[in-house]
Amino acid sequence: MSVALESIASAVGRRYRALRTSRTLATFCANPLNVAGLSIVTAITIAAVIGPLVAPYDPTTQDLANRLQGPSLAHPFGTDQLGRDMLSRLLYGARLSLGIAVAVTGIRLVLGTAIGLLAGYAGGWIDEALMRLVDIQLAFPGLVLALVIAGILGPSLRNVMLALAVVGWASYARLVRGTVLATKERDFVRAARLMNVSRFRIATRHLLPNVAGPVVVLATLNMGTVILGTAGLSFIGLGAQPPTPEWGTMLADGRHHLRTAWWIANVPGVAIMCTVLGFTLLGDGLRDVLDPNHETTLEKPT
Amino acid sequence: MDTAPYLVHRFGTSLVVLAGVSVVTYGLLFLTPGDPAEVILSQQLDRQPSEAEIEAFRAEHGMDEPVPLQYADWLTDVLRGDLGTSYYSDASVTGLILDALPLTLELAAASVVVALALAIPTGVLSAVHRGTAIDRASQLGALVGVSMPNFWLGYLLILVFALTLGVLPVAGAGSYSQLVLPAITLGTGMAAVLTRLVRSSMLDVLDEGYLDTARSKGLRKRIVVYKHALRNALVPVVTILGVQLGALLNGAVVIEIVFQRPGLGMLLVDAVFERNYPVVQGITLFTAVAFVVTNLLVDLSYRYLDPRVELGGDPA
Amino acid sequence: MTTTPPTLEYGPDDAATPDDEATNLLAVENLQVQFGTHDGPVRAVDGVSFSLEPGETVGIVGESGCGKSVTARSIVGLQEPGEVVGGTVHIDGVNVHEASDRARRQLRGDTVSMVFQDPDQTLNPAFDVGEQIAESLKVHDQPERQRLLDYLHAPLFANRSDWRDHRERAVELMDQVGIDEPADRVDDYPHEFSGGMRQRAGLAIALASDPDLLIADEPTTALDTTTQAQLLDRLRRLTDERNMATLLITHDLGVVADICDRVVVLYAGQVMETGPTDRVLAAPHHPYTRALLECRTSRAARKRRVPTIEGTVPERLGEQPGCPFAPRCPAAVDACREGEPPTFERDDGTVRCREGVVFGEPDADGGLGLEYGCGETQCDEGDSSTTSATASTRSASQPLRTDAGTDSLVSLEGVSKRYQQAGGLLRRLLGTDRSLQAVDDVTLEIAAGETLGLVGESGSGKSTLANLVTGLETPTSGAVRFDGDLVGAAGTRTAATLHDVGVVFQNPRSSLNPRLPVAQVIAEPLHANGWNEQRRRDRVSELLESVGLSERHAERYPHELSGGQLQRVAIARAIALDPRLVVLDEPVSALDVSVQARILNLLLELQRDLELTYLLISHDLDVVEHVSDRVVVLSNGEVVEAGPTERVLAEPSHPETAALVEAVPRLEHSSQ
């Protein structure tokens with residue numbers, strides 16, 4: 001018992017000291033942009049969680065008497081063409097955008113990592129077959145395929161989510177496989193093989209921790225691109241259907257009132273941009289810390 | 001490693017990928033919730049079709065055959081250049097694509113020019129003046145560009161240049177003045193990604209020992225940067241240009257909607273909403289094939305960019 | 001190979017007097033260079049002064065991290081990201097750091113050239129070799145007419161005939177630096193050159209401007225010994241022919257002995273000692289110089305402890321009073337730690353040491369009555385452990401040799417290894433596979449208790465052979481036997497066989513998982529073997545002690561340890577399960593000289609205490625000579641010579657062995 005406690009205490013101590021002494025935290029905090037990214041992401045997350053509680057109005061209640069009102073004390077971001085409060089819609093939209101981004105990124109990550117690990121670790125024909133599958137997925141421009149899939153399945157947010165998840169896993173698979181192959185050849189893994197360490201233990205103790213860094217970075221950057229993708233598909237009309245307060249749909253609504261009510265299009269525009277900016281900054285910061293070899297690359301889907 | 005076996009290998013895998021692409025493209029049809037024939041007909045006729053009408057539709061479009069046979073028929077036609085006929089206008093899909101293609105190509109080409117003209121100088125300056133105000137400003141600009149939804153940027157440009165200043169047309173296609181705003185919208189987004197890439201690639205290269213060799217020769221800074229460094233820094237940039245073509249096609253779809261340009265993207269979106277499957281399949285297949293072929297060409301051009309790349313060779 | 005004793009008159013090196021500047025080709029005065037870090041500025045070069053006269057060759061020596069390279073780079077104005085915060089560098093009377101860009105370019109194009117260390121980094125991979133040499137020639141000819149479009153070979157803007165002429169001259173230069181068939185190689189890209197060839201091309205670029213001063217920053221460190229010897233020879237000839245002054249930066253005293261007239265010994269960014277090479281190497285005045293000389297393995301008796309320098313080169317952060325070497329100096333007194341050491345000027349050089357007042361002549365066996373590191377514990381941090389303390393007291397008097405047994409522990413019977421060059425299915429179908437013969441019909445035995453040294457140039461198949469013994473690779477044909485039993489790939493070996501073989505890899509940074517603390521790294525084989533937590537913990541403490549690390553290190557992560565400490569951890573892991581054979585794949589070549597000696601001492605102690613058998617792979621003949629009982633020489637995958645160490649290295653019978661032995665730069669050349 002005391003031994004167990006002691007070992008837990010020492011493990012905690014070790015982690016704490018590692019965090020304190022390691023340059024990781026210092027490196028991350030040294031760049032104010034990284035801190036800014038973390039702050040934005042934290043703020044958006046808080047907005048998504050408590051937004052609906054603090055929103056002053058119902059996001060779907062129409063108030064035609066007050067339509068197209070400019071920003072005022074009652075409506076800080078104005079009202080839209082149906083008199084709905086933009087601020088409330090924005091707050092509800094944050095939950096929607098972030099939720100979809102988390103779900104899509106989660107599916108991509110799990111699917112892609114599993115396939116990449118399998119391909120990299122098994123090798124041989126399994127690797128060959130899985131990599132051709134990856135090639136096929138990557139042969140389609142992502143948003144074009146997502147658009148077609150979402151369109152055929154029928155316009156809805158759920159279908160947009162499915163479509164985006166299906167077209168994004170391949171980059172994870174490729175990244176994970178590459179890192180696994182590189183790590184597998186490193187001396188410490190060779191040493192472990194010579195010490196009779198089991199394959200499972202090698203995979204979990206030596207390969208996964210070294211693969212995790214680049215994957216976390218990719219996922220963070222991906223959050224931003226998924227948000228852009230969702231907004232783009234909704235903008236085209238395939239995603240959220242009225243009156244759902246989705247940022248892309250809101251922006252599309254604003255296009256008819258560009259001159260008379262600039263806030264309808266620009267408020268969600270700024271919201272999308274800030275969110276994506278936050279995740280991009282955070283991803284850049286994490287990359288400096290977790291993935292110094294820059295194995296993840298940046299792509300932009302929309 | 002000789003080039004010939006590599007070429008054979010590379011073409012071989014590309015063929016495998018293209019075969020997979022065709023299967024996926026054809027399979028898209030079966031994602032339709034319910035019976036495709038019924039769904040399509042009810043949309044076409046705008047009412048619930050009768051059993052007889054559905055049967056007739058199936059027969060007309062070969063949908064009564066077993067699926068593998070349908071696919072084989074479709075593929076045979078595709079290989080002959082026949083992508084089928086639109087459900088609505090009886091126009092050939094190949095013809096529709098060829099009509100819309102120039103507008104999209106024009107947009108893509110103009111965007112690439114805008115992107116490179118912005119990204120290379122900005123990225124190089126940013127890297128050379130690392131940590132200075134120039135660097136910070138261009139990094140921030142690039143970050144904003146990466147994060148901005150391009151349809152929003154499009155509307156902002158329309159608001160400023162078309163609606164407020166009135167110097168450029170709001171939308172449409174055909175004249176150069178109508179190309180300016182869409183190309184800037186799409187090009188700046190791409191420039192943002194490329195600027196970040198040029199900068200980081202340049203920073204890596206600026207640390208290389210061979211630049212010390214170049215400096216110690218007594219070369220001017222300008223020659224060290226634009227001859228010795230840039231040449232090496234551009235290798236990853238060209239690589240990513242191939243991938244960026246995908247992003248360009250993605251972007252073109254949205255931008256064509258924003259600016260009402262009747263290019264491939266708009267054709268695709270309209271077809272998706274009308275469930276005009278032959279057109280949807282045709283465009284999907286076309287873009288994927290274009291994408292695969294471009295990336296193949298980019299791969300093959302490596303050798304000329306980076307003499308270290310032994311095509312298909314394994315690092316000994 | 002003899003170096004003529006210097007005939008020039010050397011004035012005092014403290015070049016503060018202004019009239020020196022007029023005659024000196026290079027005058028470095030009180031140079032100070034700092035690097036900004038998280039913890040504040042680090043003083044990499046801290047008041048270095050020396051000078052060079054036309055035609056002479058001066059070596060700058062010191063351990064890595066002592067400021068040699070920064071000094072060299074500062075001379076040509078390439079100190080960035082470091083910053084020159086004090087002192088001056090004059091070349092031909094021009095102050096390098098105050099000169100305009102234009103004047104500095106003129107200097108680089110005319111007067112001073114530099115050769116860099118890393119052959120993979122010297123040449124631009126995007127341009128062919130001829131172009132890069134031609135460029136240097138062009139700059140020299142027309143330093144002020146550098147138009148970008150001309151250099152980019154833009155059509156209409158470039159002067160084609162001019163470039164053609166320069167290219168022809170580039171071929172001549174390639175010939176001079178010893179590149180065979182230069183006319184054919186001029187169009188090759190750097191990746192088509194070997195490391196040695198690239199360094200030659202780098203030399204050609206440097207020589208293209210016909211400089212008065214050549215600065216060579218560890219030009220041969222990354223090359224194997226044979227290539228190193230050829231390149232040094234060429235360098236010596238060219239500098240003699242052209243009467244060029246050379247500043248050679250190196251950590252290898254053998255190289256210095258070979259070609260330098262004078263030596264500047266650098267430590268922690270300060271000049272410790274200067275003087276003629278012969279005198280400094282034969283009768284060093286500064287304790288640091290003596291320590292450097294002592295820890296060369298070639299000086300120590302075989303299988304005996306090598307004297308070592310305690311500690312590591314300190315990072316000079318902030319104000320630190322006293323002599324920087326004091327913490328590691330056996331002769332240090334309180335005054336050394338408190339006040340700046342005085343600089344004594346002798347008629348043939350300077351010494352910066354308090355001890356300078358009491359210099360005597362060395363006694364008969366070359367020592368000065370001071371012992372370095374002997375009888376001390378060898379941990380980088382100065383931790384003491386009883387085993388190594390007792391071991392080392394004994395070591396001073398008796399060799400650490402175990403009697404080589406006669407039973408063979410490992411035997412290879414006609415072992416060959418061919419590699420299929422990887423290719424896809426299609427290439428396999430096309431039959432375009434090619435194979436590479438890495439090991440060719442090797443038969444050898446390793447007797448229990450002996451140390452077998454495996455030597456050969458890089459690419460000779462040493463590492464592949466080691467992998468065949470450990471089971472990381474399987475032979476294409478032939479048999480590997482361990483203790484009489486046929487063994488195959490690691491995955492097919494029994495647990496018992498796996499326990500019996502331990503491995504230490506070359507680079508401890510890559511052989512330890514960066515995400516696990518030391519204790520868990522060492523415990524890994526124990527865990528794999530089903531030991532429970534308590535047993536594991538006890539064994540780990542025991543192992544830490546026997547490799548000279550303390551309990552404090554157990555909870556550290558690899559990035560918190562030095563290279564030498566990491567290699568100790570790797571050794572502890574290798575011996576965790578009491579193996580009978582330990583395969584040492586270049587165990588010290590990634591380490592600094594002073595650390596090397598300590599690791600070799602540890603290996604010798606462990607061998608004696610645990611009755612280990614070693615298979616030692618090394619390209620460093622000094623190391624092999626010091627540790628091995630028998631030597632096997634590999635060339636192109638074949639055994640060309642085998643036998644007792646003394647015999648093989650003293651009277652090599654195969655030309656390949658002779659070439660390897662001949663190529664080692666040795667101090668003895670100059671002291672004989």
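Guide: Among the elements of chain C, the lowest mean pLDDT, 34, belongs to helix α14 (residues 386-395) of chain C, and the highest, 93, to strand β20 (residues 613-617) of chain C. The pLDDT is the predictor's confidence in each residue, on a scale from 0 to 100; helices (H or I, at least four residues) and strands (E, at least two) are DSSP runs numbered from the N terminus. This is a predicted model, in which local features need a pLDDT of at least 70 and side-chain atom pairs count only at pLDDT 80 or more, while totals for chains, interfaces and linings use all residues. Residues are numbered from 1 along each chain as its sequence is written, chains are lettered from A and ligands numbered from 1 in the order in which they are written, and side-chain values use heavy atoms, with hydrogens and water left out.

For the complex, the predictor gives an ipTM of 0.87 and a pTM of 0.77.

Now the sheet. Six strands of chain C form an open sheet with mixed pairing, in the order β18-β19-β20-β15-β21-β22; two strands pair if DSSP finds at least two bridges between them. At the edges are β18 (501-504) and β22 (638-644) of chain C, each of which pairs on one side only. From one strand to the next the twist averages 15°. Strand β18(C) runs parallel to strand β19 (residues 581-585) of chain C, and four bridges join them. V503(C) has V583(C), in β19(C), as its bridge partner.

Helix α25 (residues 655-663) of chain C packs on this sheet and touches β15 (451-455), β21 (630-635) and β22 of chain C. The direction of α25(C) makes about 105° with that of β21(C). Here axes are lines fitted to C-alpha atoms, for helices over the stretch in contact, and angles run from 0 to 180 degrees between N-to-C directions.

Two backbone details lie in loops of chain C. The peptide bond between E80(C) and P81(C) is cis, with omega about 5°. P81(C) sits in the loop between α2 (68-75) and β4 (83-91) of chain C. Further along, L156(C) has a phi near 80°, a positive value in a residue other than glycine. L156(C) belongs to the loop between α5 (148-151) and α6 (160-176) of chain C.

The average pLDDT of chain B is 87, and 96% of its residues score at least 70.

How values were computed
Contact = heavy atoms within 4.5 Å.
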